[in-house]
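Dear colleague,

Please find the structure below, handed over for your use. My notes on the pocket, the sheet and the aromatic pairs follow it.

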Amino acid sequence: MTDCVFCKIVSNEIPSTVVYEDDVVKAFLDLTQVTKGHTLVVPKKHVPDIFAYDAELAAQVFARLPKIARAIRDSDPKITGMNILINNGEVAYQSVFHSHIHLIPRYDASDDFSIHFGDHSAQYDSAKRQAVADSITEKVGD
């Protein structure tokens with residue numbers, strides 16, 4: 001894609017601070033640095049989101065995550081955890097429509113990053129949960 005900022009980073013048209021690169025992915029520091037070491041892992045092949053991955057690309061990209069995550073963790077003894085996020089679609093906070101995986105090192109509870117998981121368990125009895133599961137299961141084979 002000619003207008004994709006991540007494609008331009010992959011092709012070195014736009015500079016980035018690279019932490020890892022091979023023939024499948026490029027990993028570089030996010031400009032926002034939500035926390036120190038916040039890294040983006042992007043497939044070199046342009047795919048807009050997780051829904052566009054085929055099994056081979058997914059296997060190749062995701063196989064590299066543990067190595068990159070461990071390197072980030074090992075780079076600073078103050079890192080005590082890591083959030084790994086993929087935002088897919090505007091409603092899910094995706095702002096660049098070239099798939100990318102955020103590796104966000106966590107230092108402590110006050111490191112200015114949070115996620116909120118609402119508890120809606122009271123709205124789902126076992127029958128409702130099973131109906132949701134069934135609707136997903138029937139689409140897995142598609």
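On a 1 Å grid over the protein atoms alone, a pocket is an open set of points where a 1.4 Å probe fits, with protein on both sides within 12 Å along at least five of seven lines; lining residues have an atom within 4 Å of a point. Grid points are joined across faces, edges and corners, and a volume is the space filled by probe spheres set on the points.

This is a predicted model, in which local features need pLDDT of at least 70 and side-chain atom pairs count only at pLDDT 80 or more, while totals for chains, interfaces and linings use all residues. Residues are numbered from 1 along each chain as its sequence is written, and side-chain values use heavy atoms, with hydrogens and water left out.

The largest pocket has a volume of about 510 Å³. It is lined by 27 residues, of which Asp30, Thr32, His38, Leu40 and His102 are the closest to its centre. H1, S2 and S5 are the elements that give two or more residues to this lining; the largest share, 3 residues, comes from H1. Helices (H or I, at least four residues) and strands (E, at least two) are DSSP runs, numbered from the N terminus.

The sheet

An open sheet is formed by 5 strands in the order S1-S2-S3-S5-S4, with antiparallel pairing; two strands pair if DSSP finds at least two bridges between them. Its edge strands, each pairing on one side only, are S1 (18–21) and S4 (81–85). S4 pairs with S5 (residues 101–106) over 5 bridges in the antiparallel sense, and Leu85 has His102 in S5 as its bridge partner. Helix H2 (residues 55–74) packs on the sheet and touches S1, S2, S3 (39–43), S4 and S5, where contact means heavy atoms within 4.5 Å.

The aromatic pairs

The whole structure holds 2 aromatic pairs. Rings of Phe, Tyr and Trp (its six-membered ring) pair if their centres lie within 6.5 Å; planes under 30 degrees apart count as stacked, over 60 as edge-to-face and the rest as tilted. Phe6 and Phe28 form an edge-to-face pair, 5.7 Å centre to centre with 70 degrees between the planes. Because Phe6 lies in helix H1 (residues 5–10) and Phe28 in strand S2 (residues 25–29), the pair ties together parts that are 22 residues apart in sequence. The rings of Tyr53 and Phe62 have centres 5.9 Å apart and planes at 45 degrees, so this pair is tilted.

With kind regards

Notes:
Axes fitted to C-alpha atoms, helices over the stretch in contact; angles between N-to-C directions.
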